[in-house]
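I opened this entry to log what I looked up, one item at a time. Sequence and structure come first, then my notes.

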Amino acid sequence: MITYADACRVINDSRGEAVSVTTMTQTKYWNQISTEPDLDVGIANAMSKASSVALGVALGDTDRSVLCLDSDGSLLMNFGTLATIAGMAPKNLYHFVFNNGIYSITGGQPLPTAGVEYAKAAEACGYASAHCFNDIESLDSALPDILSSDGPVLIELIVKGEPQSEGVDQTWDSNAGLPNQLRALRKRLTGTDDWGPGGPYI
Amino acid sequence: MINGVLHPKNVVAQLVQQRVSHYVTLPDSETAHMYEALMAEPSITVVPVAREGEAIPVAAGLFVAGQNPVISIQNAGLYEAGDALRGLALGIGLPLVMFIGYRGHNRKGDTPDSAATFLEPFLHMWRVDYFVVESDDDLDLVPLAFERAAKTNQPFAVAIGTEYAKGDE
């Protein structure tokens, strides 16, 4: 079984200048190690939609890889995204699913059903390829080749659950920071700083 | 539904004029002919989604990457997309024009379709400004919708209050 910290470290090692779209517990660990904060977006505000935002970025900037660090619980809330992504078939989208079988940030309650095989589901929907890893060494060894293959690719990671007793940075602070993160990303991707203020958090 | 005629090709022409890059949509019965017209327009990429709640997040990602998307979903789908509207449109200040199929709309207000009954109260509640387009005569509102979205950095709805005509009929 893989830890969140190890998974994020290994993914970051192969990241290059890819955009990252994270959610839930992954965001906490990713923010601790990322060296490209202008290319990071943590989607807490609109739970389950990280993969949809990642798809939009991937379709909008086809020259740059996009890594989505999704969760099993989040994906179950937005399961149709697998079909949508497969249909658009972005070659630059790499969809990681951290599978721990629980809702970590609410205290570790189980998902509606255990044992969903997300890699198989992605393959059935039509992803270019899908993989499942339950040890960090195998992930570390395979990831460079995976990230140089054509997407969309789903990489399922069997991770050790970390139920939170006090919650993680998913609420007010992260919601308030999201508009600025998105503006920084747009500036980085387009080279222009033309998205003015708007919305309640700015 | 309204008796006025709304031709898809005229709406597509408005989208081209606004340099729309992507049309993120889940088709509904009212907009079927719009889908056909869009598939024939090479400058706009159609992005079909499996559920309406995906449309705004996909559009947000496209916008962040420098594109100029719109979404098109039915009123019933907009209700399903409420959390995305809150978090990834209103909450981030996304200048997004949203074409909303106004299923059940008529001018008499006596529709038995609750999807229509709730649309305008829903938009008011979420503080989303909107126009209602019922025929080709209303299409001058479309550029205004883009202007308002851009000026306010907020989503703006264009409620399509009639079925799109088939071809040039």
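**Strands and crossover, chain A**

I started with β7(A), helix α7 (residues 136-147) and β8(A), which together make a right-handed β-α-β unit. The model I am reading is a predicted one. I then looked at the two strands of that unit. Strand β7 covers residues 129-133 of chain A, and strand β8 covers residues 153-158. How many bridges join β7(A) and β8(A), and in which sense do the strands pair? I noted five bridges, in the parallel sense. A:H131 stands opposite A:I155 in β8(A).

**Helix pair α5 and α6, chain A**

Next I turned to α5(A) and helix α6 (residues 118-125) of chain A. Their axes come within 9 Å and cross at roughly 45°. Angles under 35 degrees count as roughly parallel, and 65 to 115 as roughly perpendicular.

Which residues meet here, α5(A) against α6(A)? From α5(A) I listed A:L82, A:A83 and A:A86. They meet A:A121, A:A122 and A:C125 in α6(A). By class, this contact has six nonpolar residues, with no polar and no charged ones.

**Helix pair α3 and α5, chain B**

I moved to chain B for another helix pair. Helix α3 spans residues 55-64 and helix α5 spans residues 82-90. Their axes come within 9 Å and cross at roughly 15°. The cut-off for roughly parallel is under 35 degrees, so α3(B) and α5(B) are roughly parallel to each other. The hand I wrote down is left: α3(B) passes α5(B) in a left-handed crossing.

For the contact, α3(B) supplies B:I56, B:P57 and B:A60. On the α5(B) side I found B:A84, B:L85, B:L88 and B:A89. I sorted this contact by class too and got seven nonpolar residues, no polar and no charged.

**Chain A against chain B**

Last, I checked where the chains touch. I noted 34 residues of chain A in contact with 28 residues of chain B. Which elements of chain A give two or more residues to this side? They are α3 (50-60), α5 (81-88) and α8 (172-190). By class, the side of chain A that touches chain B has 17 nonpolar, 14 polar and three charged residues.

Notes:
Residues are numbered from 1 along each chain as its sequence is written. Chains are lettered from A and ligands numbered from 1 in the order in which they are written. This is a predicted model: local features need pLDDT of at least 70, side-chain atom pairs count only at pLDDT 80 or more; totals for chains, interfaces and linings use all residues. Two residues are in contact if their C-beta atoms, placed from the backbone, lie within 7 Å. Helices (H or I, at least four residues) and strands (E, at least two) are DSSP runs, numbered from the N terminus. Ala, Val, Leu, Ile, Met, Phe, Trp, Tyr, Cys and Pro count as nonpolar, Asp, Glu, Lys and Arg as charged, and the others, Gly among them, as polar. Axes are lines fitted to C-alpha atoms, for helices over the stretch in contact, and angles run from 0 to 180 degrees between N-to-C directions. Two strands pair if DSSP finds at least two bridges between them. A crossover is right-handed if, with the strands pointing away from the viewer, the path from the first strand over the helix to the second runs clockwise. Angles under 35 degrees count as roughly parallel, over 145 as roughly antiparallel, 65 to 115 as roughly perpendicular and the rest as oblique. A crossing is left-handed if the near helix is turned anticlockwise from the far one by less than a right angle, and right-handed if clockwise.
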